[in-house]
Amino acid sequence: PNTEPPNGMQAPTGLALDAALNIYVADKATNQILVFATGATGNVAPIRIIGGSNTGLNNPSDVLVDGTGKLHVTNSASGNGTGNILIFATGANGNVAPSATVAAPGNVVGLALSP
């Protein structure tokens with residue numbers, strides 16, 4: 001029997017809300033960003049999943065949605081000691097490449113917005 005929860009979460013590490021109060025969850029175990037509908041409760045399936053080889057997601061640890069709706073995701077340092085911040089377009093879904101990448105020399109674990 002399949003014991004994986006419908007919500008797809010295995011090792012959630014980061015959480016963010018967008019302006020519409022959709023819920024974004026970074027999952028380190030699956031290298032995915034799961035997006036849940038506003039008001040989602042219980043063990044429900046996500047409305048969108050960002051994941052796959054084109055995304056560049058590798059140990060995502062934090063998420064943030066800026067005022068324009070762009071999704072920012074931190075990738076913790078992998079075996080080569082480098083991390084990065086990936087920026088995805090508003091409404092990104094599936095195995096989509098980020099619109100921008102910010103390289104970092106080490107572990108990247110947090111994000112914040114500045115006015």
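Let me state the basis. This is a predicted model, in which local features need pLDDT of at least 70, side-chain atom pairs count only at pLDDT 80 or more, and totals for chains, interfaces and linings use all residues. Residues are numbered from 1 along each chain as its sequence is written, and side-chain values use heavy atoms, leaving out hydrogens and water.

Strands here are DSSP runs of E, at least two residues long, numbered from the N terminus. Two strands pair if DSSP finds at least two bridges between them. Strand β6 covers residues 71–75. β5 and β6 run antiparallel, joined by 5 bridges, and Pro60 stands opposite Asn75 in β6. Their hairpin has 5 residues between the strands, and Gly69 takes a positive phi near 95° there. β6 also pairs with β7 (residues 83–88), in the antiparallel sense, over 5 bridges; here Val73 stands opposite Leu86.

I turn now to Thr55. This residue is in the loop between β4 (48–51) and β5 (60–65). Thr55 is buried, with a relative accessible area of 0%. Its side chain reaches the backbone oxygen of Gly52 at 2.7 Å. Not counting residues up to four places away in sequence, Thr55 touches several residues, including Ile50, Leu86 and Phe88, where contact means heavy atoms within 4.5 Å.

Note on methods: Helix = DSSP H or I, 4+ residues; strand = E, 2+ residues; numbered from the N terminus. Buried < 20%, exposed > 50% of the residue type's maximum accessible area, 1.4 Å probe, protein only. Polar contact = N/O pair within 3.5 Å; in protein donor to acceptor, adjacent residues only side chain to side chain.
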